[in-house]
Amino acid sequence: PTQRFVDRFATVYTPAVFALALAVALGGPLLLGWPWLPAAYKALVLLVIACPCALVISTPVTVVSGLAAAARRGILIKGGAYLEQARLLKTIALDKTGTLTRGEPVLVDGTVLHGADAGHAARIARGLAARSDHPVSKAIAAGLTAEAPPVDDFGAQPGRGVHGVIDGQRHVLGNHRWIEERGQCSPAIEAHLHAHEAQGRTTTLLAGDQGVLALYAVADTVKDSSRQAVAELKALGVRTVMLTGDNPATARTIATQVGIDQVQAELLPEDKQRAVEQLAADGPVGMVGDGVNDAPSLAAAAIGFSMGGAGTDTAKEAADVLIMNDDLRKLPETIRLSRRTHAVLVQNIALALGIKAVFLLLALLDGASMWMAVFADMGASLLVVFNGLRLL
């Protein structure tokens, strides 16, 4: 954006200075009786001083320096526009699993319901979970020792779970919301769910056509960097919101641990996208996520941040910024770098125009010679280059 402003300014500034030089070279002798040679010399001095090199080069060298400084810190920004815009973010929305938490949950409990056979339920659950790449499914598959059976007609419902046919029977392995939509929830199941969710666990249910067979609880741990990152964002005046497909109780537990005040839970991918669009009413929104489910909201945000290590290819493609070591403290660091870059941009534009203005005035008052004009032109160009390189 700053480069476009400079380009528009230069399209007016350069012809105006050229017209001024012509006026001095021709108008001085014809209207004011100046000698022709001194008038031409003064016009040439004006042209050299007014050359917009320093102004035009001030922005790209600063932005490239800012992008290089970010890359050195493990922050890959897909263009100068996002580096400039990061300073304007009012809200940061964060996914939970794999973003605020380590994304490496482990199976901590398995409860068989309605008198189902534990071995049979574990076999079916592992068969479905082993086919999914979701962190919760991976935890269930790793925690069960039963042999995974072949699965036919396997499919995934984003934001709900997975399904497939095992031994001629269709089964689903999904979250509370999906089981409720299937009309298979009960007060007994709700009691089990609340007990696990109160401990910050994520619960997944295995169900067939006849009802719910088993409930599996996995626990994830908060990243060490999450608490500090949220605290630093708040110190910068940026609001934080959690957007997750997990249940409200678990979401609130994790949010409390990291210091996030606002939570929206049980969101499907399209719900996250709508939430980001609604938050944008208060100003530019950044979205942080790592999974396929986060891709729509990453694309909808003013700036999408993806985990470069744990993130899926879809999330990385949809995002504008990649955090390579999955350290959330890079979020406030990106905003601080954006603000520093903007400050240097303003300094460079002020230096370029200020030096030009001083020497143009001296030239009009016969106080500037050609060597001073060369100094004003090249000196200003070198000054803005070195000032921009300070970001490194």
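Q: What makes Tyr13 count as buried?
A: Buried means under 20% relative accessible area, exposed means over 50%, and partly exposed lies in between (1.4 Å probe, protein chains only). Tyr13 has 13% relative accessibility, so it falls under the buried cut-off. A word on the basis: this is a predicted model, where local features need pLDDT of at least 70, side-chain atom pairs count only at pLDDT 80 or more, and totals for chains, interfaces and linings use all residues. Residues are numbered from 1 along each chain as its sequence is written, and side-chain values use heavy atoms, with hydrogens and water left out.

Q: How do you know how many aromatic pairs there are?
A: Rings of Phe, Tyr and Trp (its six-membered ring) pair if their centres lie within 6.5 Å; planes under 30 degrees apart count as stacked, over 60 as edge-to-face and the rest as tilted. Applying that rule gives two aromatic pairs.

Q: Why is the pair of Phe5 and Phe9 called tilted?
A: Their ring centres are 6.3 Å apart, so they pass the pairing limit, and their planes stand at 35°, which is neither stacked nor edge-to-face. Both residues sit in helix H1, four residues apart, about one turn of the helix. Helices here are DSSP runs (H or I, at least four residues), as are strands (E, at least two), numbered from the N terminus.

Q: Why is the pair of Phe9 and Tyr13 called stacked?
A: The planes are 20° apart, under the stacking limit, and the centres are 5.6 Å apart, so the rings also qualify as a pair. Phe9 and Tyr13 again lie four residues apart in H1, about one turn of the helix. Together, Phe5, Phe9 and Tyr13 form one aromatic cluster.

Q: What makes H1 roughly antiparallel to H2?
A: Angles under 35 degrees count as roughly parallel, over 145 as roughly antiparallel, 65 to 115 as roughly perpendicular and the rest as oblique. Helix H1 (residues 2–32) and helix H2 (residues 36–50) pack at about 170°, with axes 8 Å apart. That angle makes H1 roughly antiparallel to H2. The axes are lines fitted to C-alpha atoms, for helices over the stretch in contact, and angles run from 0 to 180 degrees between N-to-C directions.

Q: Which residues make the contact of H1 and H2?
A: Contact means heavy atoms within 4.5 Å. From H1 the residues include Tyr13, Val17 and Phe18, and from H2 they include Trp36, Lys42 and Leu46. They divide into 17 nonpolar, no polar and one charged; here Ala, Val, Leu, Ile, Met, Phe, Trp, Tyr, Cys and Pro count as nonpolar, Asp, Glu, Lys and Arg as charged, and the others, Gly among them, as polar.

Q: How do you know that Lys42 lies over the face of Trp34?
A: A charge sits over a ring if NZ of Lys or CZ of Arg is within 6 Å of the ring centre and within 35 degrees of the ring normal. Lys42 lies at 4.3 Å from the ring centre of Trp34, over its face.

Q: What makes H2 roughly antiparallel to H15?
A: The axes of H2 and helix H15 (residues 330–364) come within 9 Å and cross at roughly 180°. With that crossing, H2 is roughly antiparallel to H15. Among the residues in contact are Lys42, Val45 and Val48 of H2 and Lys356 and Phe359 of H15. This contact divides into nine nonpolar, no polar and two charged residues.

Q: What makes Asp153 count as exposed?
A: Its relative accessibility is 51%, so it clears the exposed cut-off. Asp153 lies in strand S4 (residues 152–157) and has a positive phi of about 50° although it is not a glycine.
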